[in-house]
Amino acid sequence: RPRNFPPGPRGVPILGYLPFLSNGEPVYRTMKKLANTYGPVAGFYVGPNQPFISVVGPQAVKEALHNDDLNGRPSNSVILARTFGEKLGVAFTDGEFWREQRRFTMRQLREMGFGKSSIEYQTMEEIRDLIDEIRNQGKSNEDYIVDFKGIFVVSVVNILWAIVGGERFQRSDAKFKRLLEDIDLFFRVGNPVRANVPVPVFLLQMFPRLRSYFGVESDMFEPLQTFIKETVEQHERSRSVEADIPRDFIDAYLDEVKQQAVKNSSTTFTYKQLVATVQDLITGGSETTTNAIGFTLLYLIHYPEVQRKMQEELDQVCGTALPSLALRSSLPYTDAVLMEVQRMNTIAPVTAPHRAMKDTQLLGYTIPKGSILSINIDSVLNDAGTWKDPHCFRPERHLNVDMTKIVKNENHIPFGVGKRMCLGEPLTRNSYFLFTSSLVKTFEFSAVPGQPLPTLEPVVGFTSAYDGFKAVAKPRTITQAL
Ligand code: HEM
């Protein structure tokens, strides 16, 4: 151990602490327990020479996320296997390459509608389609029982895809659904520690079973990459004049590739990088918002009085219409419910892995260059010092005393903070609000009669997902959704 390395468990020779982290418990919970023994910054080794730092609690997490020397990403086999064996895309690149690509991606997505009311109309069209689906499923039996497994994802991705690829997918499109299922599987089988063990490629080739243990499932991405490549080719074919205004993100990126090819021989804007970036956007954007919506319905089934209060507010402010972004500031209780669900059930309990780009300090400890950091967002969103009763579902905690305004606590950070903060936050902020508030305005959600309440316990992998569930979705007569 280097001098002033953070305190932590020793583990065993060669494997380090790895065997003790594979006991079936979600890693973010194991890390919180380690913090009870070793403090908010705990250091250990995974494998013979890979330092691994677990960062827990508001002070350590925020210091780590604001330290630019800790903003790198590892180059492990899982990450490389996703993108043709190279470090590409925006989510897992770093340094100047990442800065340039992230800046361009964010600017283009904003211009195309990320976080803007210009895509509200399209979003509401998707929501109406989803409401239709739920209504029809409910009508098919006398108790209005609906299966909520996988029901939101196509609608959520359609909004993202309208901006990125300009197309709309049908709910019944089996090929597209299969792609989304593959993404979900990647997130479910992933383990945030194991994925970071530097396993030599020859070992993975000699022992194929090691690939699934470490989560190196490149085949999972091949169908998605083929789909993206085909979409990019279609864009190239159907673009009429070069001076045209780009129709979507792919057009804008292809324009940049062409322009840079003429003037800059060492450009980072390439065809492969476009495919990897679009892959990052779909993987980052499909199952996260989907699970946030699913968990919200689950919490409202568990807390019917919260659901009733939310509906009262929605009815009072929106009348018979569906909610809109313009009315949002008059719906503080609704927003508080969404914030409380995101706090209680963190979709990303730990950030994507960070890497120390050089020797640096964290809470006075030395973090050696090359260390991998697991930064525990869940420990901030459920910190007892901040929230007093973190295990109670209490939306009111996000409101001022007369319940008329949202009061944002600086430790409410489901999207992270700092320069690596979630790139999809502006889109999610609006779509999560419009989806959940519209569904709660239109339906009364409750457990299936005679059956136990569906579980709130997440299915944990790289991210936390809701377990597929069935519930009653009874149409409310007050709302004219269709
Ligand atoms: C409920 C929804 C979401 C949550 C809770 C969430 C959370 C997060 C978190 C915690 C990070 C990691 C920050 C870090 O490593 O320090 C992240 C990164 C990222 N997210 Fe999200 N996210 C959500 C939705 C989305 C959406 C809709 C998209 C796509 C449009 C997206 C794309 C990304 C990307 C590309 C990154 C990597 C950014 C980078 O490394 O520069 N996310 N997200």
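Modeller: A polar contact is a pair of N or O atoms within 3.5 Å. Please note also that this is a predicted model.

Biologist: Understood. How far is an oxygen atom of the ligand from the side chain of R102?

Modeller: The distance is 2.8 Å, taken from that ligand oxygen to an N or O atom in the R102 side chain.

Biologist: And what about W98 and A91?

Modeller: W98 places a polar side-chain atom 3.0 Å from a ligand oxygen.

Biologist: How many residues surround the ligand, and which are the closest?

Modeller: There are 24 residues around the ligand, and R73, R102, H354, R420 and C422 are the closest.

Biologist: Which element supplies the largest share of that shell?

Modeller: Helix α12 does, with 5 residues. Both α4 (95-112) and α12 (271-302) contribute at least two residues each. By class, the shell comprises 13 nonpolar, 8 polar and 3 charged residues.

Biologist: Changing topic, how many cavities of 30 Å³ or more are there?

Modeller: The structure contains 6 of them.

Biologist: What lines the second largest cavity?

Modeller: Its lining consists of 14 residues, with K116, I119, T123, N430 and S431 nearest the centre. The elements giving two or more residues to this lining are α5 (120-139) and α17 (425-442).

Biologist: Which one gives the most?

Modeller: That is α17, with 5 residues.

Biologist: How do the lining residues divide by class?

Modeller: The lining of the second largest cavity has 7 nonpolar, 5 polar and 2 charged residues.

Definitions and conventions: Residues numbered from 1 in each chain as written. Predicted model: local features only at pLDDT ≥ 70, side-chain atom pairs only at ≥ 80, totals over all residues. Heavy atoms only, no water. 1 Å grid on protein atoms, 1.4 Å probe; cavity = no way out; pocket = protein on both sides within 12 Å on 5 of 7 lines; lining within 4 Å. Points joined across faces, edges and corners; volume = space filled by probe spheres on them. Helix = DSSP H or I, 4+ residues; strand = E, 2+ residues; numbered from the N terminus. Nonpolar A, V, L, I, M, F, W, Y, C, P; charged D, E, K, R; others polar. Near = heavy atom within 4 Å. Polar contact = N/O pair within 3.5 Å; in protein donor to acceptor, adjacent residues only side chain to side chain.
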